[in-house]
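Please open the structure in your viewer and keep the sequence beside it. The tour below goes from one selection to the next and says what is there at each stop.

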Amino acid sequence: MHALLHERLGTTDNPGLVLDLTSFEGYEEPSAMLEDLKVDTAHANDFGRIAVVGERRWMEWGARVVNLLTGSEMQWFESSDTESAIAWVRDG
């Protein structure tokens with residue numbers, strides 16, 4: 001997935017990103033969380049806007065924490081509001 005991300009980042013400047021975490025149930029092991037953190041920090045300033053979509057309230061808090069580590073504008077959306085998340089990212 002990281003290779004695909006690099007490929008897409010090479011095609012446009014300051015793209016938006018929609019992270020749909022609706023089915024995310026957590027990390028299976030700590031190494032997966034560390035790998036995710038590496039990707040997050042490597043691309044902390046590559047996106048204009050990042051929309052996080054999900055159902056669990058704790059993910060909203062996670063998005064707020066990650067927002068402190070990035071230069072991107074980040075916003076949380078409920079899974080029922082995916083279309084608004086996409087529109088928000090595109091309008092950025």
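The stops that follow begin with the sheet and then turn to single side chains.

This is a predicted model, in which local features need pLDDT of at least 70 and side-chain atom pairs count only at pLDDT 80 or more, while totals for chains, interfaces and linings use all residues. Residues are numbered from 1 along each chain as its sequence is written, and side-chain values use heavy atoms, with hydrogens and water left out.

**The sheet**

Begin by selecting the strands β1, β2 and β3, which form an open sheet of 3 strands in the order β1-β2-β3 with parallel pairing. Helices (H or I, at least four residues) and strands (E, at least two) are DSSP runs, numbered from the N terminus, and two strands pair if DSSP finds at least two bridges between them. At the edges you will find β1 (17-20) and β3 (73-78), each of which pairs on one side only. From one strand to the next, the twist averages 20°.

Next, select β2, residues 49-54, which runs parallel to β3 and is joined to it by 6 bridges. Among the residues to look for here, Val53 stands opposite Phe77 in β3, and Gly54 stands opposite Glu78 in β3. Towards the other neighbour, β1 and β2 pair in the parallel sense over 4 bridges, and Leu17 has Ile50 in β2 as its bridge partner.

Stay with β2 and ask how many of its residues are buried. Buried means under 20% relative accessible area, exposed means over 50%, and partly exposed lies in between (1.4 Å probe, protein chains only). In β2, 6 of the 6 residues are buried, so the strand is largely enclosed by the rest of the structure. Both of its faces are covered, with Arg49, Ala51 and Val53 buried on one side and Ile50, Val52 and Gly54 buried on the other.

Contact means heavy atoms within 4.5 Å; axes are lines fitted to C-alpha atoms, for helices over the stretch in contact, and angles run from 0 to 180 degrees between N-to-C directions.

A search of the whole structure finds 1 aromatic pair, where pairing requires rings of Phe, Tyr and Trp (its six-membered ring) with centres within 6.5 Å, and planes under 30 degrees apart count as stacked, over 60 as edge-to-face and the rest as tilted. Select Phe77 and Trp88, whose ring centres are 5.9 Å apart and whose planes stand at 55°, so the pair is tilted. Phe77 lies in strand β3 and Trp88 in helix α4, so the pair ties together parts that are 11 residues apart in sequence. Both Phe77 and Trp88 are buried.

**The salt bridge**

Then select Glu73 and Arg49, whose side chains meet in a salt bridge (3.1 Å, N to O). The term means a side-chain nitrogen of Lys or Arg within 4 Å of a carboxyl oxygen of Asp or Glu. Glu73 lies in strand β3 and Arg49 in strand β2, so the pair ties together parts that are 24 residues apart in sequence. Glu73 is partly exposed, with a relative accessible area of 41%, whereas Arg49 is buried at 18%.
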